[in-house]
Amino acid sequence: VLRDVVEFIGTARLPEGFDYYKFEIRPDRVSTAADFVTINTWHTPVTNGTLMQLDTRAFPNGGYWIRLVVADTTGNYPERCSNFYTIRN
């Protein structure tokens, strides 16, 4: 359960050709991967640090899928990491 401002900690980098990473979100009630919207994009890799601060008060209460996407300079990305969270402010 997430509320107020939360930090996402982890690593967003690639061994070669890192371009950017971004976080995307979609409500649980929306059923396709195409329904993810970008929260923000960063162009600096992070290793074991703060990836994003999310103010959950910008979203209605409910279930959400949040995913991390790391892209290389050719626009490709390895497997995306998605997790389910409940926002309850």
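The model is predicted: local features need pLDDT of at least 70, side-chain atom pairs count only at pLDDT 80 or more, and totals for chains, interfaces and linings use all residues. Residues are numbered from 1 along each chain as its sequence is written, and side-chain values use heavy atoms, with hydrogens and water left out.

**Asp72**
- Asp72 is found in strand 5 (residues 62-72); strands are DSSP runs of E, at least two residues, numbered from the N terminus.
- Asp72 is buried (under 20% relative accessible area, 1.4 Å probe, protein chains only; exposed is over 50%, partly exposed in between).
- Asp72 has no salt bridge, and the nearest side chain of opposite charge, Lys22, is 12 Å away; a salt bridge is a side-chain nitrogen of Lys or Arg within 4 Å of a carboxyl oxygen of Asp or Glu.

**Nonpolar core**
- The largest nonpolar core has 18 residues, and Phe8, Tyr21 and Phe23 are among those with the most contacts inside it; such a core is a set of buried Ala, Val, Leu, Ile, Met, Phe, Trp, Tyr and Cys residues joined through side-chain atoms within 4.5 Å.
- At least two residues of this core come from each of strand 1 (5-12), strand 2 (18-27), strand 4 (46-55) and strand 5.

**Aromatic pairs**
- The whole structure holds six aromatic pairs (ring centres within 6.5 Å; planes under 30 degrees apart are stacked, over 60 edge-to-face, the rest tilted).
- Phe8 and Phe23 form a tilted pair, 5.4 Å centre to centre with 50 degrees between the planes.
- Phe8 lies in strand 1 and Phe23 in strand 2, so this pair ties together parts 15 residues apart in sequence.
- Phe8 is buried at 11% relative accessible area, and Phe23 is buried at 4%.

Notes. Helix = DSSP H or I, 4+ residues; strand = E, 2+ residues; numbered from the N terminus. Lys, Arg positive; Asp, Glu negative; His and termini not counted.
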